Amino acid sequence: MVTWELNPGRPALAHVPAVADLAEGTAWLRAHEAELTAALHEHGTIFLRGLPVAATEDVAAVRDVLIPEPTPYREKATPRSDFGNGVFSSTDLAAALPIRMHNENSYTLTFPGRLLFACLVAPETGGATPTADVRKVLAALPPHLAERGRTSGWTLNRSYSEYVSLPWRTAFATEEPAEVERYCRENGITWEWLEDGTLRTSQLRPATIHHPHTGEEAWFNHLAFWNEWSLDPDIREAMVEEFGPDGLPFNTGFGDGEPFTREDADALNAAYEAATVREAWQVGDVMLVDNVLCAHGRDPYRGDRKIAVAMGRPVDVLDCRPSVLPTTAVAA
């Protein structure tokens, strides 16, 4: 039986009994898989401490037990290092910058159902990977915002740049514009090529979905994460001046077309903050996240930090009773 430590502000944590090696550790995981899954569905995030995980090959071995079905990384939006064998770095972003809460690939039609994070190098200070139960986020939202999300969904607008975010060649893993257009057509994304070669895309996605196994409704999106009002005011002003209000690398809104205000963004971010839990990393720690039930982010840190990430158990949005169907009509 797995014993869980439950403390306010921290994820459910279990200490793995002492094992001789990784083979014994993965055997323990297999023997307790049903308990781990039940805890994951209850808490959204589970933290395992005591596994002998020291290298990316060890992460892959744990991944093969907990999330054996891989999920391709589509519509890339942030830089990552590829460690091989389906294991990646966490987002390669400057240590001083936080990463806001988001559900991985909430803007794609198929997304990972589970995420696995493993600590290979723990930072000197900070650097936790906080998570927020998005069932609690939805419950904490002002009713009018929750209802707007349910009834209208959310929109993502992207402008792909060589200088900010990722260029379209990297995001879509192709050198061919025709391949980009094919992908967009098949995935309910409108596109526009500007005269200078810049690509702009837009897509409508549901703001709430239901977990494919538990049936619970969850706030599942990047609405606050990529909204202009979530930016530092000075950064937002500089980016609007540089790219124009319609040319920001990312921007979001509700699908009803009504203005999305700073107050809306503040309310969403406050709901995430109220639901956030975190645990300081120790080398060998493994964190498993149900990507439908929990958003995740990153705290700023100092010192070296190496968190390996794997994604799997792909989920089709149409299997989650989305509140709004993704856009399928394309006008280009």
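Modeller: Gladly, and one definition comes first: contact means heavy atoms within 4.5 Å. This is a predicted model, where local features need pLDDT of at least 70, side-chain atom pairs count only at pLDDT 80 or more, and totals for chains, interfaces and linings use all residues. Residues are numbered from 1 along each chain as its sequence is written, and side-chain values use heavy atoms, leaving out hydrogens and water.

Biologist: Which residues does V180 touch, not counting residues up to four places away in sequence?

Modeller: V180 has its place in helix α7; helices (H or I, at least four residues) and strands (E, at least two) are DSSP runs, numbered from the N terminus. Leaving out residues up to four places away in sequence, V180 touches W168, F172, T174, W193 and L199.

Biologist: Is V180 buried or exposed?

Modeller: Buried means under 20% relative accessible area, exposed over 50%, and partly exposed in between (1.4 Å probe, protein chains only). The relative accessibility of V180 is 0%, so V180 counts as buried.

Biologist: Which strands stand at the edges of the sheet?

Modeller: The open sheet has 4 strands in the order β10-β11-β9-β14, with antiparallel pairing; two strands pair if DSSP finds at least two bridges between them. Each edge strand has a single partner, so one side is left without a neighbour in the sheet: these are β10 (189-193) and β14 (250-254).

Biologist: Which residue in β14 stands opposite T155?

Modeller: Strand β9 (residues 154-160) pairs with β14 in the antiparallel sense over 5 bridges. Opposite T155 stands G253.
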